[in-house]
Structure formats: C-alpha cells, structure tokens
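Open the model in your viewer and keep the selection tool ready. This tour goes from salt bridges to cavities.

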Amino acid sequence: MRKFYITTPIYYVNANPHLGHAYTQIAVDALARYHKMLGEAVFFLTGTDEHGEKIEKACLKAGFEKGKEKEFVDAIVANFKNVWGALGIRYDGFIRTTDQSHKKVVQEFLEKMKDKGDIYRGEYDGWYCTPCETFWTDAQAENGVCPDCNRPVERIREKNYFFRMSKYQQWLIDHINANPEFVMPEYRKNEVLGFLREELNDLCISRPRERMSWGVELPFDRDYIVYVWFDALINYASGLKARKKFEEFWPADIHVIAKDILRHHAVYWPIMLKSVGMPMPKTIFAHGWWKIGKEKMSKSRGNIVDPVEMTGKYGVDPLRYFLLKTVAFGQDGSFSEDVLVTVYNSDLANDLGNLLNRTLTMVEKYFAGTSPAPPRAAGDEEQDRRSDVIRDAVRGLFPAISDRLLSPKLLLKEALEAIMQVVGKANKYIEASAPWEYSKAGNMEAIKLIIADLLEVLRAAAIALLPFMPSTARKMWEQLGLKEDMDTEAVRKEISGTKGPRDWRRFPPGTKTAKGEPLFPRIK
Ligand code: ME8
C-alpha cells in the first residue's frame, strides 16, 4: 500500500488561530482526505509550537507568572483543537513541542549533530526578531528592522552554540537542482536558490537560560535552551515517533507551509536532516498569504478574520470551498466577506444547490420520487448526442481531479473548478434538453434519459466533493437517496478515476430520492 505523510506547520500559541492558519489546515485536510479515499495509508500531522521568547512574553503579558507557561499554553492549545474540530479538520496526529516525547527527540537530534562535529560554541553578535524568532545579520537587518516582518529587531551579544550550516550549502543547492519537486511552487524554488547564492552563515541554535528559559535544554549544556525553530522543525519526526509511525511514514511526502517560513523549511530543515543522516522530504510546498487589502493577515497587525465566526455565518463547507476555490494554491489572496457571499451565491446556491434541487424536483414530478432506469436511447438523436457529452464530462471528472491533486503543484482550485464545470454543464444540459418540452410531446424516454444522466452527475459530484466539502457531499448523497454507504472502499475508490464503462451508470434505478432543504439557501 502506498503511504502518504503530509504535515502543516505547528502554530505559535501566543494567540488563537485565525483564517490564515485555518487555510493551511483546510488545504491539508482536503489533500489528506483525498489520499485516504485513494486507499493509501495516510498520516496528517499538525500541532503547536509552544516554546521560545515570543510565547514566554505572551504568557507574561496575559498575566501568567514565569513558571506558569504550561498553564497558559494548555488553554490556547485547547482553543486550537476546538477550532480545528469546528472546521472539520481530521488530523491523525497532534504534536505539541511541550510533549516529553518531543523533547527527547530534539535532544537526540542535537546529540547526533554534536557527534558529527556540526555543532560548536561561539559568540553570537547580531540581531534577533522575536515575532519571527529569527536571527539576522547586520546586512540583513538594515535600519534595525526585520527583513521579513519590518518590525524592530533586538541586538543580541551572547555566548552560544552554532550549527555548521555553511558546510552543507553546496550539497543543498545540488539537492534542490537534482529534485525539481523539492521546493514548490517553482517560483519559490527559485527564491530559495536565490538566497543560497549568498554565503550561508552558520546558525545560532541556542539561547542562554538566564536570557530565555522557556524551551528544551541542550543535552550537552544545561545552561542553554534550544533555539525555538530548531525545536519546532523536529516536530515532523517526533510527531511520528510519539505514535510509533516513524518507520512506516518517514520521510514526509509534503510539508505544507506558507511562504513566510520558507527559509526555515527549505534551508535549515534539510540541512538538519542531512547532518543526522535522515532521508529528505519529497516536497516542501509554500502557499501564499491571505491578506486584508495589501497587508498580510496576522495577529500582530490585528487585522485577523475569525474562521469560526465565518463558519457561524456561512457554514463550514462554504468557507472551505471559498478558501480553496478562489485563490490558486501558492498565490496570495485578499479576503473579503463580500466576495465570499458572491461566490457562495453563484457557485453553491445557483449552480450546485440548484442542480440538486431541480433534478430531485423533476424526479418527483415525472417519476413520483423514484429514479428511472436509463433507456438505451431517447428517440431523439440530438438528445442522445447531448447525453453523450454529459457522459464524457462525468467520465473525465475523476481523472481530471487526480491529475490536479496528484500534481506536485497541488492544484486544489483547479480540482474544484473541474467539479464545478461538470455541475455547470449539467445545468446547461437541463436548459438545452428542456424536459418540459418532451413532457408536452409525451416523450418519456427522453425524460428518463435526462434524469438518469443528471442523477449520474450528482452522484459523481458528491464523491468528488468529499475531500473538500465532506458534509455537503453526505447531504447530497442522502437526498439522492443512495443506499450504498459512502464510506465503503468501493465508493470512495471510484475517485481514483480509472476510465471505463463501469464509471457510467452507477446510479441504481428504482432509488427512492429524498429531496430535502436546499443545500445552500441564497444569502441576500
Ligand atoms: O510560523 N495567510 O507559526 P505561526 C496564509 N511556529 N497562511 C497563514 C497566514 C496568512 N495570512 N498567517 C498564518 C510559525 N498562516 C511557526 C511554524 S513549523 C515547524 C513552525 C499559516 O503561528 C501558514 O501556514 O506564525 C504559516 O506558515 C503559518 O500559519 C505560520 O504560523
């Protein structure tokens, strides 16, 4: 059985999650669900990054004394888990960097690196950006601000431990060039190769305990705490080890992140793995940012959108759909509630919801709520031709989805577009076929053909939507009256898209349909 290991970043717990975090979760959830449907062994890891100066400060600011950090982070982690639950995120592992099992793995990594001669002691004299938890040189932090977030940096002069990254610079360049899918999308790969053109500095990987004590101790010097990014990146290994899944799932197939943490993932992380002799991830995929106007949505800017508030207003699946359908994965998007409402009304209420509603209304009207057996032909050549076009569209749907979702480009938007194109074609098919005219002319064969075709489209669309809008897909299935369990392997695996005659006419004739409430009532 093929295995598929996919991860999200582990988020800082200095505040509750916002829409940007929800975006990564939803995208990874959809991909993990898709791979599970294919019958692969899937592990989806997420979690929280709980150490470091930023969390320590947030904790003090929230009124918790030093030493009470765990109480503070426990409360926020509980909120993260609640939000993921509310958004229908089904992860397989949740790693917290405060887990004992994680700390142990971090220390093992450091011991190995030390043994290899990749760690040495020196003096750090440079800048530090606490919001980004990142060290910068004089040249990088020109004018005293962080080149990533533009906030003031702090001068740090302290004895510390360093990791010999420079030793691996050429190896990393060669690895990226030899593995074109290692950093995706391609424009991000070029960005990484761009910063690898400059000489790589060794990385400071510790903080003296008297300056910053909230973290994992260096195993070979208890006066020091591991640099929080070093601690955090190792979650991808410790998260599997804690669940005894390491042997089965290592290395990651895809680490999904946003572009703000590309350098940490595409430079530090591979070099750390190389140093300890572990296999490399296949792909590091950096998606774009959700912005408000031109500004990145972030806690510190205070321009955040609460995903739970959005789902309260519009529903979980519409939010999932909107986030994945309106922005190509990799690009930035500008969030606007007005656009969300427009997309909801046009795609979900008018196209998808309406197709289900119209079709089931016709099943009731013409066939007393029982699905007709498709006739061989409509007794009208033009109608037969239209029917063939719809058949081909449905047959092409699952292959189109696998082309897009199995592509290293992770074409989530395009996969949803493929589904919505078939839905759009089916709505047009109703207009072009005008069953009400056949009814007047007494051609019931044509009506049977049209309805059977539409039910076929809806059944396929429900399966195709499962990774993206799981509860909508189930509601569609229920209203279609389908008795097969959607969770059986036979049904779920249809999505893998082998072409052939069995892909068509899977809707059982004689099915009692169960038209219900509209899936997506229009929003005024
Ligand atoms: O960076 N648009 O944690 P973090 C899109 N702990 N995605 C966004 C976003 C936005 N406006 N804002 C946040 C950290 N994200 C580290 C990671 S991993 C070993 C350690 C998402 O809480 C996106 O996935 O700042 C981004 O990479 C992540 O949240 C950063 O979360």
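Select Lys-66 and Glu-56: their side chains form a salt bridge, 2.9 Å from N to O, in this predicted model. Lys-66 sits in the loop between helix 2 (53–61) and helix 3 (69–86), and Glu-56 is in helix 2, so the pair ties together parts 10 residues apart in sequence. Color by accessibility. Lys-66 is exposed, at 52% relative accessible area. Glu-56 is buried, at 6%.

Stay on helix 2 and pick Lys-57. Its side chain meets that of Glu-154 in a salt bridge of 3.9 Å, N to O. This pair links distant parts of the chain, with Lys-57 in helix 2 and Glu-154 in strand 6 (residues 154–163), 97 residues apart. Lys-57 is partly exposed at 43%; Glu-154 is partly exposed at 32%.

Next, go to helix 1 (residues 19–37). Asp-29 and Arg-33 are 4 residues apart there, about one helical turn. Their side chains form a salt bridge of 2.8 Å, N to O. Both residues are buried. The salt-bridge count is 46.

Switch to cavities. The whole structure has 4 of 30 Å³ or more. Which residues line the largest cavity? Select Val-394, Phe-398, Glu-456, Arg-459, Ala-460, Glu-494, Asp-503 and Arg-506. The volume of the largest cavity is about 60 Å³. Helix 17 gives the most to this lining, 3 residues. By class, the lining has 3 nonpolar, no polar and 5 charged residues.

Finish at the second largest cavity, about 50 Å³. Its lining includes Pro-372, Glu-456 and Phe-507, and divides into 7 nonpolar, 1 polar and 2 charged residues.

Technical notes. Residues numbered from 1 in each chain as written. Predicted model: local features only at pLDDT ≥ 70, side-chain atom pairs only at ≥ 80, totals over all residues. Heavy atoms only, no water. 1 Å grid on protein atoms, 1.4 Å probe; cavity = no way out; pocket = protein on both sides within 12 Å on 5 of 7 lines; lining within 4 Å. Points joined across faces, edges and corners; volume = space filled by probe spheres on them. Helix = DSSP H or I, 4+ residues; strand = E, 2+ residues; numbered from the N terminus. Nonpolar A, V, L, I, M, F, W, Y, C, P; charged D, E, K, R; others polar. Salt bridge = Lys/Arg side-chain N within 4 Å of Asp/Glu carboxyl O. Buried < 20%, exposed > 50% of the residue type's maximum accessible area, 1.4 Å probe, protein only.
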